Amino acid sequence: MIKAVRGTRDLLPPETALWNFVETQAREVFRAYNFQEIRTPIFEATELFARGVGEETDIVSKEMYTFRTGDDPRWVLATKWLVTRPKYKKIEQLRRPGFGQVFAGLREDDVWEIVIVEIGAGGPKLAALKKMQAERQSLASAAGERPSRYVLVVPSSEAQRVSGLINQDGIEVQGLEMPEGYDPPESLTLRPENTAGVVRAYIEHKLWDRGLNKLYYIGPQFRRERPQKGRYRQFYQIGAEVIGPSSSGSEHPIRDAELLEMLDTLLRRLGIADFTLYINSVGDAQDRAAYNDALRKALQPVVGQMCADCQRRAVTNPLRVFDCKVPEDQPVIATLPVISSYLGEASREHFQNVQALLKEAGVAFEVNPRLVRGLDYYTRTAFEFTHGALGAQNAILGGGRYDGLAELLGSPQPAPGIGFAIGEDRLVMALQARASEATAGLDVYVAPVGEGMNRKALRLAGDLRREGLTVELGDRSFRLKKMFEAATKAGAKYILIVGENEIKADSFSLKNLATGEQVSVPRAELAQRIREQHSR
Ligand code: AMP
C-alpha cells in the first residue's frame, strides 16, 4: 500500500470544515483591515530563500526541499563534441558516472578520452585545469601515449571570457554552443515560507506603482523538519505583509501596532483566548553588527562546549546560536548578552512607540528580550504568539519587521515591511475542541417512506436547502430503520418523515434525534422550526 509521505497528511472531513472556518474568518478580518490576497508559486529559485531567509538559518541550511531541473550541460555538450569529432578513435577513460548512458549510441572506438572540468559562474578554476593537464601529460608521456583532450563546460555567459583565458594558456579551445531547445539547469526549492516570495513578487511587478502594499496569503509551505505533533513537512500558513516605500509610512510603528491588533482581533474572533503575545526588538543593521560583535566575544570562551552547529554559527552568524535546540547548550545560551542592550537610539524609540501604541489599542503583550526568530531578515520588531494548550510546539504564529529585505532581493528602492505567518495546522489544533460549533453539521435527514415518495422528498429537500439548511436525502429503497441509522451516523439533528399521510395533510413528522421528541409540523413552518430548535 502506498501511504502519504512522512510528515505530510490528508486533511479529511469533518476537520476540513474547521480549516474552511478559519480561512473564512481570516479573509473577513483581512478585508476589514484592507488587505488583499496574493498567490505566489509553490516553488521558487533556491537563491531567493538563500538570500532572503539567510544561508545560516536552520531553514536554509537543513530543511529545504531543493531539486535541480533542466538538461545537464555536460552531457549535451560532451555528446555534441564527440559526435562532431569522429577522428578521435580510442576510448581511454570515461570518468563520470552516467556518461556511459549518453555514449551508449556511439561505438566504443569512436570515443576518445574525456575529462570534464566544470567551471562555475564564480570564474574558471584554471588552476585546477592546469594541474590536471600537467598530471595527465606526465602520465601520458610516461605511458608513451597522447595527452588528453578536455571538454570544458561553462555557462554560456562565461564562454567567451573563459575561452580567452584558456587560449592564453596555450590550450586548444573548441567553441561549443548550447543546442537549440536546451533547458538550462536551475536549482529550485519548495517554498519554506512565503514572505520572500511575496517580496519578490512585489519587486517583480512593481506593486508600489499600483499602491498594493497590504497583501495576505494562505497556502502550504515545506520544511524537512523532524515530524511530531504540530510539526509537519508540509504545513499551512496564513500570513500577511505590509510593505511599501518609506513615503507610504510602512516603517512607522503604527503599522506594527495595527498588525498586532489585527492578529489579536482574529484570534479572539476565532474564539481563542488562551494566548500570549511576546515582542522584542532585534535592532536595525547597525545595532545587529554591534550585537554580533558582542556575541562573538561572549561566545569565544564558551563555544568549545557547544554543539557543532553553534561552533559554526559563532563564526558565521552568531545570532543564530539562539535557534539552537540542543538541551546541553541552553545554560550557555542563557548567559549570552541580550540585544536590548545594543539597540541604537532609533530602534529603541521605534520599539517604545510600538509598545505605547499597543497599550493604546488595548493589546496585551510581554517583552521577551531573547526572542530573535529563526530567519535572518527580521529587523526591529519581532513577535510570536504562543498558545497554552499546544504543548512543545506552542508557537501559533510569528513575524516581524524586515526593513532591508526588499533591497537585498533587488528592489530599486527601499521598501520597509512587516508581516507574520500563522501556523494554520496549530491554529486548527487549538480550535479542535470547538469543532462541533464551527462545523455547520447536518440539519435534517429527509426520509421518504412509501410508494412514489422519492419525488416528493426530493422537492421538499430542495425547498429546505434553498432556505439555507444543510439537508441529506434518503431513498425509499432503504427501510425506515436503515434511514434512522444513516441519519444518526451522518450527525443529523432531525429526521423528517415524508409519507403518504404527511403529503395529504401537508404536515410532516419531524423527529429530534438527540432528544427523541417528535412533532408534526406544517410544510410552510418546517425550515423555521428546524432553525429555531437548534439555535435554542
Ligand atoms: P516561521 O515561518 O518559522 O516564522 O513560523 C511561523 C509559524 O508557522 C510558527 O509559529 C508555526 O505556528 C508555524 N510552523 C512553522 N513550521 C511549522 C511546521 N513544520 N509544522 C507546522 N507549523 C509550522
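**View 1. F30 sits in helix α1 of this predicted model**. Helices are DSSP runs of H or I with at least four residues, strands are DSSP runs of E with at least two, and both are numbered from the N terminus. F30 counts as buried, because its relative accessibility is 1%. Buried means under 20% relative accessible area, exposed means over 50%, and partly exposed lies in between, with a 1.4 Å probe and protein chains only. Setting aside neighbours within four places in sequence, F30 is in contact with F35, Y216, I238, G239, A240, M262 and F420. Contact means heavy atoms within 4.5 Å. G239 is 209 residues away from F30 along the chain, yet their C-alpha atoms are separated by 10.0 Å.

Residues are numbered from 1 along each chain as its sequence is written. In this predicted model, local features need pLDDT of at least 70, and side-chain atom pairs count only at pLDDT 80 or more, while totals for chains, interfaces and linings use all residues; side-chain values use heavy atoms, without hydrogens and water.

**View 2. Helix α1 meets helix α15**. Two packed helices are described by the angle and the distance between their axes. Helix α1 covers residues 15-32, and helix α15 covers residues 424-431. Their axes come within 10 Å and cross at roughly 110°. Axes are lines fitted to C-alpha atoms, for helices over the stretch in contact, and angles run from 0 to 180 degrees between N-to-C directions. The two helices, α1 and α15, are therefore roughly perpendicular. That label covers 65 to 115 degrees; under 35 is roughly parallel, over 145 roughly antiparallel, and the rest oblique. From α1 come E15, L18, W19, F21, V22 and E23. From α15 come E424, D425, L427, V428 and L431. By class, this contact has seven nonpolar, no polar and four charged residues. Nonpolar covers Ala, Val, Leu, Ile, Met, Phe, Trp, Tyr, Cys and Pro; charged covers Asp, Glu, Lys and Arg; the others, Gly among them, are polar.

**View 3. Strand β12 pairs with β11 and with β13**. Two strands pair if DSSP finds at least two bridges between them. Strand β11 (residues 379-387) and β12 (residues 395-401) are antiparallel, with six bridges. T379 has R401 in β12 as its bridge partner. Strand β13 (residues 417-423) also pairs with β12 in the antiparallel sense, over five bridges. Strand β12 is mostly covered: six of its seven residues are buried.

**View 4. Three strands form an open sheet**. The order is β2-β6-β3, and the pairing is antiparallel. The edge strands are β2 (43-45) and β3 (66-69), and each pairs on one side only. Neighbouring strands of this sheet are turned by 35° against each other on average, direction ignored. Three bridges join β2 to β6 (residues 186-190). A45 stands opposite L188 in β6.

**View 5. R320 lies in the loop between α11 (308-316) and α12 (330-334)**. R320 is buried, with a relative accessible area of 0%. Beyond neighbours within four places in sequence, the contacts of R320 are E56, T57, R313, V372, R373, G374, L375 and D376. R320 and G374 are 54 residues apart in sequence and 7.0 Å apart in space, C-alpha to C-alpha.

**View 6. The whole chain holds 20 helices and 18 strands**. Buried residues make up 46% of its 536 residues. Among contacts between residues at least 6 apart in sequence, 70% join residues at least 24 apart.
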